Amino acid sequence: MTLRYLTTRLLGSLATLVVSSFLIFAMVRLIPGDPATALLGRAFDPEVAALMRKRLGLDGNFFIQYLDWIRAALTGDFGYSLINGAKINEQILDRFLRTLHLMIGGLLFGLAIAIPLGTVSARRRDQKAGSFLMGLNGLLISVPQFITGLLLVYIFAVILKWLPAGGWVDPKSDFRRWLTAMILPCITLGLALSAFTARVLRTSIVEATVADYVVAAKSWGLPERKVYRWHIYRNAALPTLTTVGLEIGYLFGGSVVVEEIFGYPGVGQLTVDAISGRDYPMVQAAVLLFAVGFTLINLLVDLSLFFVDPRLRK
Amino acid sequence: MSDSNGNGLQSAIEVQHLTVTYRGRRGAPAVLDANLEVPRKEIVGIVGQSGSGKSTLGMAVAGLLDPRQCEVSGTMRLGGTSIDLGSTENSVWETLRGSRIGYVFQDAQAALNPLLTVEQLLVQPQRHRGVDLSAARSIAREMLEAVEIPDVERRLRQYPHELSGGMKQRAVIAAALIGKPGVLIADEPTTALDVTLQAQIIRLLKRLKDEFELSIIFISHDIDLVADIASHIVVMKDGVVIEAGSADSVVRKPSHPYTNELIRSIPRLEKVGFFQDTEFWSSRG
Amino acid sequence: MSTSRFSPSQRIRIGFFVLALLFIATGLVLLMGSYSYDDIGAGERLATPSSSHLFGVDSYGRDYLTRVSLGVVISLGVGVTVSLLSIAIGAPIGVYSAIRGGWLDMSIGRILEVLFAFPQILLALVLITILGSGIQTAMVVLVIIYIPIVVRYVRNVALVEAQQDYLLSAQMYGSPKFRQCFVHVLPNIQGSILVLASSIAAFAMIAEATLSYLGLGVRPPLPSLGILLTENQGFLSTEPRLIFFPAAVLVLLVISVNQIGDALVDKLDLKRNPVRA
């Protein structure tokens, strides 16, 4: 049973990756007009244009080109950037790691905010504290992420001057500076995640509180505290985990914006620059990495849910 | 009330002037001035339609009503001690629930936490009372055997969704009795089951009553079923107790017209004919 | 779920009132104001607010009030258009799929599953790379991204509605599927669709602002609120009003739309789910 589920999920993820990579590769072909001409502009030269088309994978058979690209990608070779001519993989890998730091930090902050927010607003839902927190939550959801980011920069970097407004330094050379520079971007990223998660957590706790199995547990003599620990929190965690799993995908998108706000040199910033600069090979490489990361994380989340919820195992 | 022999024995549980109102709801209270007495080792049936207040009464006695939604008043005498039914002191109720009063739920599926194994569900309430793990486990095992669940070892490790409807109901009964309460409140324990299972559960309850010396409050809308199992019957309508007495007298000579209606509304099968070796039965309304 | 002291209808009215106010105010500014949004000679650069420039002047010498106003119009326009278009296309598909059932519904369900396996951001980025930037492309991209969301939502709602007895009896009478959709089901899920419309409008406004902020949406000098934020971010410490005004206005827009949506949910729920014991 477990094996069958695992294989189905793995195959599903693999299929998603294949289709994504296909679309990403095809992306260049779908650009209206001739990209080579557009890129060269006034420096147009038919030989250079032909070379460029070759680099972009526009000449020759589509499928052969696709397979070549995939084969190269699997070995980590994404070709060369159109903007600076340097090898892509050298530029991407470091950035990808930095973005990963950002995402992990964001996740941690997000949970650190969401769990108390959700729990307290659930347990005190009949009191003023509960409604206040709910209102706060609603506000958090409404305000776009990059606005909260700008607001945080304004308060903490401009007015209070406690934290730097962004940037990045190598943690090996100045750990403290690296850490302080990470705080605001991670909080911004985490806030967006936490707003939704806190709301789901609150709803799940409230639903669990009035569920029949909780009344049953009470009828068997379990005290309030134990009822919360064994029944309410445990059962509320499930839909919350599912939501967090879905939200993790959002972290990818969110990081693009956050990197832009704080000038954080991650792969998101690279992608945005590449798109504006029409550096197609770079865009393809970056988006492919995104797709791989996203699918992998979703797979991990699904698998962990499988282990947590016994009902999925039947 | 006295028991079926007419002797006034000390009752297992006595409820006096129980009134339950739902907060924020205008109109008649869910239960109004109900009085109830359950003689020891007897079964008292509470009968009524949906909305008659019978389930609310059961839950009030077990202290399971949400004080945020309901206002309860009245007293209960349980084996010599007097308890204020309107009390919101958790500590008072926590000593009663499970160890003095047990509750069997109608919807067994909903009463069992889907994330916990049967064993975990049965062991937890015991652990809280200070029973050590291995003792708790063996008691859980004994309890499942007592409710006639076959293949106990396997069932203990299973999750609720892996059990059949009848087994879930038995598991709920086991959990209710695990604290060895003297009083059991069974709220429509058979309503969700098909007729054959119903009969089995009824037999089980009768047996458990003798084995564990229980006094049972049996709540149901089915007066036929109640008449079968209970020695005393209480009839409720719109939150009020309209009739109470021994099962025999209530069914044979009901004094209230509503009771009469309840009895008459039971479809009874009557043999109406005989044709070529086959008996024909028809229901009479 | 709301514990606001205002009733749902009141909240809807407040939301619309705020939006109308914004719309009228910006309309007045744009129609009667004497400045153009890209007129770099309008005033002294970075001048603080004064009677002739209510929001002051930006770093290029343009009147800021005009620019913010046009930004509001762009946001509202994009939000409403994207919402209407994606629902106009997605809702019929969702309803028809739910009613028709069979292999069509199954295929659509599968396609939706596959579509949702990809992060929206990726799709947006890819589409923008192909189609380029600009306000029209941004709207097209957003519509494409939101259509699957609309289809999934409407399909789910329609499926629930389809279980209702009145529809089953219509089927028994042999009513053609097409007719069933539009005469029976659609009117009854209007409420849910309205809620969806407000959510999508809010999302679209934020998405448009974000894309413009990244330089991938509306092209300067057109002053989308996102563009205003990005071109003036450097002045956060010296002239915070340049960030404050567009940010505040955007937040106001989004909150109003969200409030309308939330209030609609409450209002409709009250009709369908009477108080549970």
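## Helix H5 of chain B

A helix here is a DSSP run of H or I with at least four residues, and helices are numbered from the N terminus. The model is predicted. Residues 133–146 of chain B form helix H5. The helix has 14 residues, and the distance from its first C-alpha to its last is 20 Å, close to the 20 Å expected at 1.5 Å a residue. After H5(B) comes B:Glu148, which has a positive phi, near 65°.

Which residues of H5(B) are buried? They are B:Ala136, B:Ala140, B:Met143 and B:Leu144. These residues lie on the same side of H5(B) because they cover an arc of only 95° around the axis.

## Two crossing helices in chain A

In chain A, helix H5 covers residues 88–123 and helix H12 covers residues 280–308. Their axes come within 11 Å and cross at roughly 40°. The crossing of H5(A) with H12(A) is right-handed.

Where do the two helices meet? From H5(A), the residues are A:Ile88, A:Ile92 and A:Phe96. From H12(A), they are A:Pro281, A:Met282, A:Ala285, A:Ala286 and A:Leu289. Sorted by class, this contact has 8 nonpolar residues, no polar ones and no charged ones.

## The contact between chains C and A

How many residues does each chain give to the contact? Chain C gives 30 residues and chain A gives 33 residues. On the side of chain C that touches chain A, helices H4 (120–131), H8 (190–213) and H10 (241–272) of chain C each supply at least two residues. The largest share of that side, 8 residues, comes from H4(C). By class, the side of chain C that touches chain A holds 23 nonpolar residues, 7 polar residues and no charged residues.

## A buried alanine in chain C

C:Ala201 is part of helix H8 of chain C. Is this residue buried or exposed? The cut-off for a buried residue is 20 or more other C-beta atoms within 10 Å of its own. C:Ala201 has 27 C-beta neighbours inside 10 Å, so C:Ala201 counts as buried.

Leaving aside neighbours within four places in sequence, C:Ala201 is in contact with C:Gly79, C:Val80, C:Ser83 and C:Val257. C:Leu127 is 74 residues from C:Ala201 in sequence, and the two are 20 Å apart in space, C-alpha to C-alpha.

Definitions and conventions:
Residues numbered from 1 in each chain as written. Chains lettered and ligands numbered in written order. Predicted model: local features only at pLDDT ≥ 70, side-chain atom pairs only at ≥ 80, totals over all residues. Contact = placed C-beta atoms within 7 Å. Nonpolar A, V, L, I, M, F, W, Y, C, P; charged D, E, K, R; others polar. Expected span 1.5 Å × (residues − 1). Buried ≥ 20, exposed ≤ 12 C-beta atoms within 10 Å, placed from the backbone. Arc of directions from axis to C-beta. Axes fitted to C-alpha atoms, helices over the stretch in contact; angles between N-to-C directions. Left-handed = near helix turned anticlockwise from the far one by under 90°.
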